[in-house]
Amino acid sequence: MAGTGSSRRAFIAGAGAAAAAGAALTGAGATPAAASEAGPTSSGRRVAVLGGGVAGLTAAHELAERGYAVTVYERRALGGKARSMDVPDSARGGRRPLPAEHGFRFIPGIYHNLPDTMRRIPFPGNAAGVWDNLVAPREMMFARAAGREDLRGPIPWPGHSPAELTPEEIRRALAGILQTLVRLPPHETAYFVDRVLVFLTSCDERREEVWERTPWWDFVRAERMSNEYRRILAVGITRNIVATKAEEASTRTVGTLGEAFVFNVLGRGADGPPDRILNLPTNEAWIDPWEAHLRSLGAEFRIGWTVREVRYAGGRVSGVAVEGPDGAARTVTADHYVSALPVEHARRTWSAALRAADPMLGRCDKLETDWMTGIQFYLTERAELVHGHLNCIDSPWSLTAIQQAEHWPSRDFPADYGDGTAVDCLSVDISEWDKPGILYGKTAKQCTREEVAREVWAQLKASLNDTGKALLTDTTLHSWFLDPGVDGIGTPHPTNQDELLIHPVGTRYNRPSAGTRIPNFFLSGDYVAVDIDLATMEGANASARAAVNALLDRDGSDAARCAVHPMYRAPELEAAKRHDRWRYRLGLRNLFDLG
């Protein structure tokens with residue numbers, strides 16, 4: 001998932017609250033509690049960025065570099081789902097609090113827009129800024145339960161030569177990888193590879209008009225195949241990586257991501273290795289330096305400010321109703337507004353008049369979100385699991401995880417964090433919240449926080465301790481931390497402040513563009529239509545660049561436009577795609593589609 005984080009080091013609270021408290025009251029029609037927050041004074045045009053996650057910070061970055069006076073309004077903490085956070089009351093003896101997160105960071109080599117931004121964020125001692133804080137785990141593992149052999153494989157980067165991307169070479173390479181790592185029956189391996197070739201050589205029209213409406217489960221014929229095939233190549237790819245259900249997920253979305261990873265593994269179109277993570281907790285490695293850099297560019301931040309309504313009058317956004325840290329209502333005014341909130345929060349702020357001005361906004365109500373949330377386990381002994389990500393492919397709650405301490409070489413975990421007895425953090429993503437577990441027989445949403453922790457720990461042990469060696473033991477468990485965005489679990493009304501956009505068939509048709517029909521209102525977020533077609537930090541970053549470009553166009557600015565890097569397209573396959581376009585228009589199957 002992306003790649004999908006909580007302090008994510010320190011919560012930044014209250015910045016700008018004192019200045020806002022003295023703002024003047026608005027004019028006629030305002031209630032006595034409603035004040036005006038007009039943003040910074042500058043010779044540049046003023047932009048209000050609503051939301052301080054990856055999308056909002058990217059928009060602020062690009063705008064500030066172009067001389068705009070930017071104020072970011074964020075209800076909680078900068079970084080959004082990508083931030084790290086402190087475990088409360090965990091620090092002892094002058095150490096930092098234990099680091100926690102919404103979900104572990106994953107920044108693969110298929111990303112190009114986000115790495116470009118990271119290179120432009122200074123970091124002490126790094127020639128390429130924050131980008132130099134990316135490190136590449138050297139292996140990955142599918143952990144099997146019930147005594148089945150775990151599937152462990154090296155990640156082939158660097159040191160291999162790019163393969164020639166002919167269909168036959170792709171077939172050979174993928175068949176070899178699957179036969180080595182997954183060990184399916186040969187006929188199932190051959191069939192899946194043929195399905196990959198169908199997608200790789202499909203023209204854009206077939207992808208957008210057929211594969212967007214076809215569930216991945218049907219595309220790979222999962223119902224006809226073995227349990228291993230379904231668990232790994234149908235459910236494993238969609239639920240654990242794309243955080244959606246194979247029976248519902250758009251083949252276009254799953255295939256586009258898979259295509260990018262295939263090219264990455266084969267040495268094409270990559271910013272770096274297929275698997276990369278940060279070498280420090282996210283805020284230390286990225287978010288805090290980013291905030292500092294944006295402040296140096298003149299950006300301002302209002303932390304603890306909640307966006308309530310984007311108001312529309314006279315053919316434009318006339319202001320934004322916000323609630324300050326003190327609970328008082330205020331009105332934000334600016335020349336332009338960039339909505340960078342997650343879709344489930346953003347659409348609640350769009351007034352009826354705003355929606356009427358652009359029907360595209362109403363289609364966003366059809367976009368769906370689901371739960372994919374992290375829990376961290378702190379260990380008093382280093383467990384010998386895998387030097388990279390592990391996927392508990394048989395776990396009912398679709399768990400993925402990574403041990404973090406070995407990837408943070410500049411940090412001595414017990415010396416730097418907590419009470420000095422925790423030596424590692426096993427960071428786990430829970431992707432399935434609606435299936436019964438193995439310990440209590442309840443779904444994650446039905447469990448209390450304590451029960452969720454015990455259930456996840458039990459599922460990890462079932463996947464990792466089933467071959468005669470206890471890799472995880474209760475005696476080495478120091479403590480755990482579940483993302484505080486999850487609330488009310490174990491009650492009839494569970495809530496999650498940080499849901500993830502999912503991609504059932506037809507989702508693409510309801511994703512909006514960055515520019516709207518409202519001349520001073522723009523959209524940024526991983527739900528906005530960009531090339532990657534997946535809810536990721538890369539999509540959030542690319543959409544922010546597109547929003548800034550639309551703003552510059554509307555403003556008649558002569559500033560350089562943001563580079564928006566598309567997904568890699570292998571030139572060797574373009575002829576096959578042109579041939580498929582001809583076949584598609586004649587109503588014929590793709591050349592490799594044998595049914």
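Tyr417 is buried, because its relative accessibility is 0% and the cut-off for buried is under 20%. The model is predicted. Tyr417 sits in the loop that links α14 (413-416) to β19 (424-430).

**Around Tyr417**
- Another polar contact, of 3.1 Å, links the side chains of Tyr417 and Arg411.
- Pro97 is 320 residues away from Tyr417 along the chain, yet their C-alpha atoms are 5.5 Å apart.

**Nonpolar cores**
- The largest nonpolar core has 83 residues. Trp286, Trp350, Phe521 and Tyr527 touch the most other members.
- Helix α16 (residues 537-555) contributes nine residues to this core, the most of any element.
- A second core is separate and holds 33 residues, including Tyr191, Val235, Leu266 and Ala570.
- Beyond its neighbours within four places in sequence, Trp286 contacts Val54, Ala82, Arg105, Leu114, Met118, Ile121, Val130, Leu278 and Met537.

**Helices α2 and α16**
- The axes of α2 (residues 54-65) and α16 come within 8 Å. They cross at roughly 40°.
- The two helices are therefore oblique to each other.
- Their crossing is right-handed.
- On the α2 side, the residues that meet α16 are Val54, Ala55, Thr58, Ala59, Glu62 and Leu63.
- On the α16 side, the partners are Met537, Ala540, Asn541, Ala544, Arg545, Val548 and Leu551.
- Val54 and Met537 belong to this helix contact, and both also contact Trp286.

Methods:
Residues numbered from 1 in each chain as written. Predicted model: local features only at pLDDT ≥ 70, side-chain atom pairs only at ≥ 80, totals over all residues. Heavy atoms only, no water. Core = buried A, V, L, I, M, F, W, Y, C linked by side-chain atoms within 4.5 Å. Buried < 20%, exposed > 50% of the residue type's maximum accessible area, 1.4 Å probe, protein only. Helix = DSSP H or I, 4+ residues; strand = E, 2+ residues; numbered from the N terminus. Contact = heavy atoms within 4.5 Å. Polar contact = N/O pair within 3.5 Å; in protein donor to acceptor, adjacent residues only side chain to side chain. Axes fitted to C-alpha atoms, helices over the stretch in contact; angles between N-to-C directions. Parallel < 35°, antiparallel > 145°, perpendicular 65-115°, else oblique. Left-handed = near helix turned anticlockwise from the far one by under 90°.
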